[in-house]
Amino acid sequence: MFQQLSLFENSEQDSNESQRFRQNIKGFGFNYQEIDIGDITFKAGQIESIHRWYRLTPSYSPNLVRFFIKQFAIDRKSLVLDPFSGRGTTIIECQKHGILSLGLEINPLLQRVSQDSLIWKLENLPLINSFLKDASELIEEYQKQSIDYVAHCLNTKIPIIHNVFRWWKPHVLKELIIFRFLINKPKYSKIFSYLWLAVNKASLDCANIHRNHPTITFDDNHTRNINVFEDIKNNLIMIQSDLKKLSSQELCYSQLNHVSLGNSTSNLQKHIFQKVNFVITSPPYPNRYSYVHQTRPQLYFMELLKDVKQATEIDLKAIGGTWGRATSILQKNLISPPDDLKPYLDYYSELSQKSILMCNYATKYFIDMQKHIRSLKEVTSSNFRGAYVVGNSRLSGVEVFTEVILARMFEKEGFEVDKIITFRKRGGKKKLYETAICIRD
């Protein structure tokens, strides 16, 4: 049962901030709701089958997808699009319901995780025991050898990421490399996706890092006892358990859906085979968070990138990318937004005086989203409905009301905004909010 509530009345300060937030939405004539559907963060997905095979902290919960499936009355005759697929929460949940869906994701690691998570088969799971036995024997065989010797013998490479042994202790990385070598053996091709997911997850869980929200930071002096074999074994036990708990009907939906590698800011038509009936998605927020940067160790360890410059190139193309060279570019000259977009960017005048970098970052974000909205218009059906889950930002002390700016942009491009729903107040001192812009064509 979903209930109306007031989310922001914890203090006088909260009350003042929430009134400003709500008044800004209502001032532009948008219908506004506050709804409690429980935890909509990634944490809720970590206790649900399939979704828990990979942890992406900025992702939303499966329950949020179920909420919109119910709100929009989505049936199995419809096509649901998630143009910013991330971990694949929307696509996985649609597959569980037998709903046809398509995801697009610019990050090759997240695309691979999502696509492999859609494969649900039981018949070859006994091969996992053989795989673990081979891994144990190979780890024992190379126990006293150096990582360079092991890499040479297995004809594989140490990840090309800078300062690799700050990311992983040498003995940990050696065992991870052994597992990565084994998953590619032809005898395990029928369970390759599950092995890949288990090793990929372990490659970050076994790193010398703190898993903060939403970032990761180095933990140089940790004393954790990292056991690569047990970590990967537990991942595979989890995958087996989740598959065995799926109903026969759910198993029939295996590989019903697809997540493609692509950029959603333009030319959506080349990825989509029929008109889109619904969108359930969450584009990056204008908060300088880089999905590419935070997946960088796995991108290189799982050999999805072959060159040290490739991560930056992806970040340059991604909405909101500000890591590395992208930051250097954005802090040089003030970006002037297109004339038809500038009236909606009410932060621009103040923020451009305070920080060229922050202003350019936000402006690039909305320019990219304008391209996406225009491309979306070309692929939607006549009865289209969509939900865009976004968060507002405070950059250099300047409010960026993302939900209102995007809602106005949707209207400008010919969509109708049904309402803006607030689901939660995000943590921290900045008192930011998570909302969904509900649109129709």
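**Exercise 1. Classify Lys412 by accessibility, then follow its salt bridges.**

Step 1. Lys412 has a relative accessible area of 32%, so Lys412 is partly exposed; the classes are buried under 20%, exposed over 50% and partly exposed in between, with a 1.4 Å probe and protein chains only.

Step 2. Its salt-bridge partner is Glu413, with the closest N and O atoms 3.2 Å apart. A salt bridge here is a side-chain nitrogen of Lys or Arg within 4 Å of a carboxyl oxygen of Asp or Glu.

Step 3. Glu413 is buried, because its relative accessible area is 17%.

Step 4. Widen the view: Lys412 and Glu413 belong to a network of salt bridges together with Asp340 and Arg374.

A word on the model before going on: it is predicted, so local features need pLDDT of at least 70 and side-chain atom pairs count only at pLDDT 80 or more, while totals for chains, interfaces and linings use all residues. Residues are numbered from 1 along each chain as its sequence is written, and side-chain values use heavy atoms, with hydrogens and water left out.

**Exercise 2. Find which residue Asp368 pairs with, and where the pair lies.**

Step 1. Asp368 forms a salt bridge with Lys364, the closest N and O atoms being 2.9 Å apart.

Step 2. Both residues lie in helix H18 (residues 356-377), 4 residues apart, about one turn of the helix. Helices are DSSP runs of H or I with at least four residues, strands are runs of E with at least two, and both are numbered from the N terminus.

Step 3. Check burial: Asp368 and Lys364 are both buried.

**Exercise 3. Describe the surroundings of Thr265.**

Step 1. Thr265 sits in the loop between strand E7 (258-261) and strand E8 (276-281).

Step 2. Its relative accessibility is 8%, so Thr265 counts as buried.

Step 3. Beyond neighbours within four places in sequence, Thr265 is in contact (heavy atoms within 4.5 Å) with Ile319, Asp368, Lys371, His372 and Ser375. Asp368 is the residue paired with Lys364 in Exercise 2.
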